[in-house]
Amino acid sequence: MAVALPVSGNRVQKSGFLEVFVRDRWHKVLANLNEETLTLSCEDLGDKVNLNGITNGSYPTSTNHPDLTNSPTTGVRTAFTDLPEQVPEAIANRKRCVKVVKQDVGGLGISIKGGKENKMPILISKIFKGLAADQTQALYVGDAILSVNGVNLRDATHDEAVQVLKRAGKEVTLEVKYMREATPYVKKGSPVSEIGWETPPPESPRLGSPPSELPSSPAPSLSLQGDRRCIPLKMCYITRGMSTPDPENRQFELHSPDAKHTVVLRCKDAASAQAWFSLMQSATTSLSSRVLAEVREHVGWSGIAGSREIRHLGWLARKTESEKQHWKPVLVVLTEKDLLLYDSMPRMKDSWLNPVHTYPLLATRLVHSGPDKGSPQQGLELSFATRTGTRLGIETHLFRTETCKDLSLWTRHIVNGCHSAAEMIKEVSTSCLYQGLDCRLIIHYEKGFSVLSEEEDGSVPKPLLSYPFERLRMSSDDGVRKLLLDFGGKEGEVQLDLHSCPKPIVFILHSFLSAKIARLGLLA
């Protein structure tokens with residue numbers, strides 16, 4: 001049962017039971033949604049919960065770095081990766097002393113399970129790769145911790161073990177013994193604790209923070225309870241039907257800003273899925289304006305990828321002509337003159353300067369907008385297509401939005417962006433051959449077309465042709481290198497050899513015409 005609650009500050013907007021897809025199967029979780037985070041927790045793990053509220057599932061030994069399992073550079077060793085048969089036979093059931101030097105960030109880098117109340121020893125259930133315990137190369141998931149710096153843990157409760165590990169100094173000596181028979185118990189953990197999510201590393205602060213300043217209170221991705229995961233919604237991509245088949249229309253997905261993690265959730269019916277999806281869409285949309293302001297502040301006056309102003313950004317699903325069967329997440333950024341595509345949310349300024357693709361708005365046009373006719377559920381998928389004239393020909397992209405409002409917003413931004421770019425840039429030119437002469441074609445937003453001869457002696461170019469836009473009757477090209485223009489003049493059809501594919505010039509010409517028509521108040 002899901003319950004919608006009033007919004008105030010960061011209060012819960014919606015709460016209810018969902019299913020999360022982990023380890024190739026569905027698991028029941030309690031979901032709580034507020035304005036900035038989605039919290040998932042397992043209510044029934046089969047382990048008792050002590051009075052302090054810390055489950056006897058797993059406990060991270062560092063309280064000042066709760067995001068260990070979610071760091072893109074930090075993996076985690078569990079009973080599913082440290083298999084019993086991989087542990088040397090000489091180690092099994094033998095006591096060992098292992099010295100571990102705590103790190104400033106990450107502590108020991110382990111999680112523990114068990115305790116006297118569970119009639120189990122204190123067991124290492126997780127080892128975080130790259131951190132202190134992992135660096136010893138002498139500890140294993142399934143090791144029972146017998147003592148810490150000489151403090152006996154053989155009869156300790158889970159809480160007592162936690163406190164001993166907390167109070168241990170910089171250098172910690174662990175007396176351990178590997179127990180193969182404990183592997184099933186260690187594996188019996190919360191599926192939620194295995195959900196990965198990104199954590200920007202310390203050298204890559206969140207947007208808006210000075211380079212030397214770390215966030216004072218980062219949004220936690222892993223709480224002190226090992227059975228709870230708090231997922232920040234800021235620049236999270238909320239979508240449907242991208243990762244797994246959803247014939248019943250009961251699922252929705254969260255994709256992390258770094259595009260490395262996906263959480264798939266399932267509701268009891270289609271109506272519940274739509275309610276959750278709509279609320280999460282609303283939450284991420286309200287956060288996007290804050291992100292846009294932070295990005296503008298982060299990149300400063302230098303702008304990004306040769307542009308000065310970011311006008312709109314957000315996640316879309318994308319297909320190309322060569323990938324018609326698969327939608328992929330893409331971060332789309334619109335500037336005053338370019339359409340930029342990124343595979344993930346850039347964290348550093350240099351990353352903003354290097355998009356995966358850059359398409360000039362002046363050479364780009366919107367060619368389709370509306371429900372995807374190929375969708376099995378007519379009207380559910382809302383898409384628009386763009387075509388860009390490039391030196392290699394026409395490049396087509398199909399983008400999918402999640403709501404009608406988003407579709408309208410993106411298409412309006414692109415069309416208006418093309419027109420604004422035309423009015424801002426005003427003039428383009430390219431070398432060409434006209435009647436065997438080396439010339440330069442100039443297209444000016446206000447003045448129209450000019451073909452000037454290029455003089456070898458450096459003298460002033462001579463105008464060979466000059467026509468305003470209103471004289472253009474027809475334009476065409478051969479798709480290879482020739483541009484044909486008909487002004488109805490005495491010279492007949494003007495044939496220009498542009499030395500390369502004419503599509504960029506053709507698209508720019510059409511953008512100029514479209515912008516001029518829109519300026520007159522007519523539909524372009």
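# Close-up views of a predicted model

**View 1. S147 is buried, with a relative accessible area of 7%, where buried means under 20%, exposed means over 50% and partly exposed covers what lies in between, using a 1.4 Å probe and protein chains only.** This is a predicted model, in which local features need pLDDT of at least 70 and side-chain atom pairs count only at pLDDT 80 or more, whereas totals for chains, interfaces and linings use all residues. Residues are numbered from 1 along each chain as its sequence is written, and side-chain values use heavy atoms, with hydrogens and water left out. S147 has its place in strand β10, which covers residues 143–148; strands (E, at least two residues) and helices (H or I, at least four residues) are DSSP runs numbered from the N terminus. The side chains of S147 and E175 are joined by a polar contact of 2.9 Å, a term for a pair of N or O atoms within 3.5 Å, of which, within protein, one must be able to donate a hydrogen and the other to accept it, and for which residues adjacent in sequence count only if both atoms are side-chain atoms. Apart from residues up to four places away in sequence, S147 touches N152, L153, T173, L174 and E175, contact being defined as heavy atoms within 4.5 Å.

**View 2. T39 is a buried residue of strand β4.** Strand β4 spans residues 37–41, and the relative accessible area of T39 is 14%. When neighbours within four places in sequence are left aside, T39 is in contact with L30, A31 and N32, and also with R228, R229 and C230.

**View 3. Seven strands form an open sheet with antiparallel pairing.** The order of the strands is β20-β19-β18-β17-β23-β22-β21, and two strands are taken to pair if DSSP finds at least two bridges between them. At the edges stand β20 (357–360) and β21 (364–371), each of which pairs on one side only. From one strand to the next the twist averages 30 degrees, where axes are lines fitted to C-alpha atoms (for helices over the stretch in contact) and angles run from 0 to 180 degrees between N-to-C directions. Within the sheet, strand β22 (residues 382–390) and strand β23 (residues 393–401) run antiparallel and are joined by nine bridges; R387 stands opposite T396 in β23.

**View 4. D143 and R96 form a salt bridge that links distant parts of the chain.** Side chains of opposite charge can pair when their charged atoms come close. A salt bridge is here a side-chain nitrogen of Lys or Arg within 4 Å of a carboxyl oxygen of Asp or Glu, and a search of the whole structure finds 18 of them. The closest N and O atoms of D143 and R96 are 2.8 Å apart, with D143 in strand β10 and R96 in strand β7 (residues 95–101), 47 residues apart. D143 is buried at a relative accessible area of 0%, and R96 is buried at 15%.

**View 5. Further salt bridges join E402 to R400 and R440 to E454.** For E402 and R400 the closest N and O atoms are 3.5 Å apart; E402 is buried, with a relative accessible area of 15%, and R400 is buried, with 3%. For R440 and E454 the closest N and O atoms are 3.5 Å apart. Because R440 lies in strand β25 (residues 437–444) and E454 in the loop between β26 (448–453) and β27 (463–467), this pair ties together parts that are 14 residues apart in sequence. R440 counts as partly exposed at 31% relative accessibility, and E454 counts as partly exposed at 38%. Elsewhere, salt bridges that share partners join E19, E248, R250 and R266 into one network.

**View 6. F21 and W26 form a tilted aromatic pair, and F449 and F487 an edge-to-face pair.** Rings of Phe, Tyr and Trp (its six-membered ring) pair if their centres lie within 6.5 Å, and planes under 30 degrees apart count as stacked, over 60 as edge-to-face and the rest as tilted; the count by this rule comes to ten aromatic pairs. F21 and W26 are 4.9 Å apart centre to centre, with 55 degrees between the planes, and F21 counts as partly exposed at 33% relative accessibility. The ring centres of F449 and F487 are 5.1 Å apart and their planes are at 65 degrees, so the pair is edge-to-face. With F449 in strand β26 and F487 in the loop between β29 (482–486) and β30 (494–497), the pair ties together parts that are 38 residues apart in sequence. F449 is buried at a relative accessible area of 3%, and F487 is buried at 3%. Ring pairs link F449 and F487 with Y445, Y467, F469 and F512 into a cluster.
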